[in-house]
Structures are given as structure tokens and as C-alpha cells.
Amino acid sequence: MVISVYLRALCMSLLLSVSLSKRYYCFQGSSLYQLQNVDCGDLNADTDEWYCSTMTVCETDINNGRDCILTRGCATRAECINPETGNIYNNDHVMVNSSRPAGMKIYADCCRAKKFADDDALAIDMGDICNSAGRTSVGFMSVVLMSVMALGLAIM
């Protein structure tokens with residue numbers, strides 16, 4: 001009887017700790033190499049408000065044959081505040097002392113990271129990660145171009 005009560009209490013404790021634990025996934029990496037999804041909570045367990053960030057860096061006088069570079073990662077709320085507006089970055093042009101850093105056009109975007117259940121048995125939908133490739137204008141344009149190409153092939 002005592003063991004049964006102890007086991008029941010232990011199981012409830014474990015269930016509560018699992019249900020209260022969350023994972024905050026974002027994509028991390030650059031458009032120059034493979035992206036990976038990371039749990040931002042692993043970077044700093046003390047932070048409970050994670051954002052997924054995307055930085056776009058373009059040459060000022062970019063040649064038509066060269067693309068901008070996109071870099072994605074995890075960020076805290078403080079790191080996602082635009083100091084000029086006081087709001088969360090929303091594809092904002094980043095300026096330093098009213099000029100472009102290193103002569104580059106830099107755009108910052110942050111979105112609130114979704115809380116995923118802390119359960120290894122559950123699969124996560126990569127589309128639910130807010131800084132995924134499909135959620136940027138570059139990703140959108142890729143889908144549009146692929147659709148146009150497929151339509152063109154279907155007509156032929």
C-alpha cells in the first residue's frame with residue numbers, strides 16, 4: 001500500500017514535470033549551408049521567452065547574379081527589440097548611426113518561438129518553426145518560381 005502511494009506520487013511528479021517543460025525550436029544556420037533545428041532552451045535554460053530570428057545581409061551595390069545571405073538562429077526578447085522603434089524587429093532595415101554597417105543592407109526579423117511539448121515520442125512539424133525557409137520572401141519566391149516552372153512544363 002505504501003509503495004503504491006509512493007509510485008503514484010512519483011508518476012504524478014514526472015507527468016507534471018514533463019507537461020510543464022517546453023521546447024522552443026528555431027532554425028539555425030545560413031543560406032550558405034544546411035539549416036538545423038535547435039532547441040533554444042538548451043542555449044540558456046534561464047530564458048523562458050524565445051524568439052526565432054532571421055538576418056538578411058545584402059551587398060549595397062549587389063550584382064544581379066548574387067543573392068543576399070540569410071542567417072537564422074535563436075534570440076531573446078531583448079535581442080529582438082529594434083532600438084529605433086522599441087518594437088520587435090519585423091524585417092526592419094538595421095542602421096548604425098544612420099548608416100549601413102560595413103556598407104551592407106541588413107534586415108532583421110524576429111518571431112515568437114512556439115512552445116513544443118517536451119516529449120521525444122512526438123514529431124514536430126517543421127512548418128511550425130516560425131523562421132523556417134518557407135516563411136521568408138526568398139522562400140515564398142522559390143515556391144512561386146517552382147509553381148510557374150511546373151505550370152509551364154504542364155502546358156508544353
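Helices (H or I, at least four residues) and strands (E, at least two) are DSSP runs, numbered from the N terminus. With that in mind, select Tyr-33, which sits in the loop between β1 and β2 (36–39). The model you have open is predicted, so local features need pLDDT of at least 70 and side-chain atom pairs count only at pLDDT 80 or more, while totals for chains, interfaces and linings use all residues. Residues are numbered from 1 along each chain as its sequence is written, and side-chain values use heavy atoms, with hydrogens and water left out.

**The whole protein**

Of the 156 residues, 26% are buried, where buried means under 20% relative accessible area, exposed over 50%, and partly exposed in between (1.4 Å probe, protein chains only).

**Strand β4**

Next select residues 69–76, the strand β4, in which six of the eight residues are buried, so that the strand is largely enclosed by the rest of the structure.

**Three salt bridges**

Now show the side chains, and look for the three salt bridges of the structure, each being a side-chain nitrogen of Lys or Arg within 4 Å of a carboxyl oxygen of Asp or Glu.

- Select Arg-23 and Asp-118, whose side chains meet at 2.6 Å, N to O; Arg-23 lies in strand β1 and Asp-118 in the loop between β7 (115–117) and α2 (137–155), so the pair ties together parts that are 95 residues apart in sequence. Arg-23 is buried, at 16% relative accessible area, whereas Asp-118 is partly exposed, at 27%.
- Select Arg-112 and Glu-49, which form a salt bridge at 3.7 Å, N to O; Arg-112 belongs to strand β6 (residues 104–112) and Glu-49 to the loop between β2 and β3, 63 residues apart.
- Select Asp-128 and Lys-114, which form a salt bridge at 3.1 Å, N to O; Asp-128 is in the loop between β7 and α2, and Lys-114 in the loop between β6 and β7, 14 residues apart.

**Back to Tyr-33**

Finally, return to Tyr-33, which counts as exposed at 54% relative accessibility.
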